[in-house]
Amino acid sequence: MIDIHSHILPGIDDGAQSYTDSIVLAEKAVSEGIHTILATPHHRNGKYENVKEDILQRVEELNKIFQEQSIALKVLPGQETRIYGEMVEDYRKGELLTLNQGSQYLFVEFPSSSIPGYAERLFYDLQNEGLIPIIVHPERNSELMERPDKLYNLVKNGATTQLTAASLTGYFGKNIQKFSQQMMEANLAHFIASDAHNIKNRTFKMAEAMEMIEKQYGIDMVDYFTENAELLIKGKNIYKEVPERIKKKKFLGIF
Ligand code: FE
């Protein structure tokens, strides 16, 4: 399995703090059946800045350490950038890093409770630049939960999305779990990833999430997510189904 979202690089954000942390995370990943992991440190989120060149160098170092320790986990470079107005300009300047350096896929994180008014326009501009935005964990955004049509519109216009495994397993609560399922059912989810930060309270849950998906939706849905992660790191087009709108919750007694 490939995990496309993690904070395994040590000492540069709120994920692993030391090489020991990175090794502990790596061992946990391997135990869940993950053989390749994208290191996607936070960038421009108000707290952490991690530009492309730094990430590339640190990924190389971490791979060396894993090899020395005989840990069977390959680390690939990535970045989790909080949405901001000058993303196209900074991408051109070489500050932003697409997933697995050189693919067309770029992680974009929204603030946790809102969607900036310029998001649609920015997504259009990013795509004009040849990039495909991947919205990370949209199921955890309260505005999208309130107004899922916004998510539908972004996906209809070419954006893709990454659900977090722990959202599906219920770690973030019932509402987020339900919204994650609705996204999957409406063809609004394209990737599942861990967004692992540590092995205590923000761990992988990939094996558990995939098991739940298989039980609830069948093995084809598991294959869809597994294959999309493989296509992503090869820089190929992913599988997509025609997106649908999430129907508003119907309250008992009203209908
Ligand atoms: Fe993250």
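**Exercise 1.** In this predicted model, determine what arrangement the four donor atoms around the iron ion adopt, given the angles that they subtend.

*Solution.* The four donor atoms subtend angles of 80 to 167° at the iron ion. A tetrahedral set of four donors would require all angles to lie between 85 and 135 degrees. The arrangement around the iron ion is therefore irregular.

**Exercise 2.** Identify which residues coordinate the iron ion, and state how the donors are spaced along the chain.

*Solution.* The coordinating atoms come from His-5 (NE2), His-7 (NE2), Glu-80 (OE) and Asp-195 (OD), at 2.1 to 2.2 Å. Along the chain, these donors of the iron ion follow the spacing H-x1-H-x72-E-x114-D. Glu-80 belongs to strand 5 (residues 80–82), while Asp-195 sits in the loop between strand 9 (191–193) and helix 9 (206–217); the pair therefore ties together parts that are 115 residues apart in sequence.

**Exercise 3.** Decide whether Glu-80 and Asp-195 are buried or exposed.

*Solution.* Buried means under 20% relative accessible area. Glu-80 has a relative accessible area of 0%, so Glu-80 is buried. Asp-195, at 2% relative accessibility, also counts as buried.

**Exercise 4.** Locate Ser-70 and Gln-101, and describe the phi value of Ser-70 and of Gln-101.

*Solution.* Ser-70 is found in the loop between helix 2 (52–68) and strand 4 (74–77). Although Ser-70 is a residue other than glycine, its phi is positive, near 55°. With a relative accessible area of 66%, Ser-70 is exposed. Gln-101 occupies the loop between helix 3 (87–93) and strand 6 (105–109). Gln-101, not a glycine, has a positive phi of about 35°. Its relative accessible area is 43%, so Gln-101 is partly exposed.

Key
Residues numbered from 1 in each chain as written. Predicted model: local features only at pLDDT ≥ 70, side-chain atom pairs only at ≥ 80, totals over all residues. Heavy atoms only, no water. Helix = DSSP H or I, 4+ residues; strand = E, 2+ residues; numbered from the N terminus. Buried < 20%, exposed > 50% of the residue type's maximum accessible area, 1.4 Å probe, protein only. Donors = N, O, S within 2.8 Å, 3.2 Å for Na, K, Ca; no water. Tetrahedral: all angles 85-135°; square planar, octahedral: opposite > 155°, others 65-115°.
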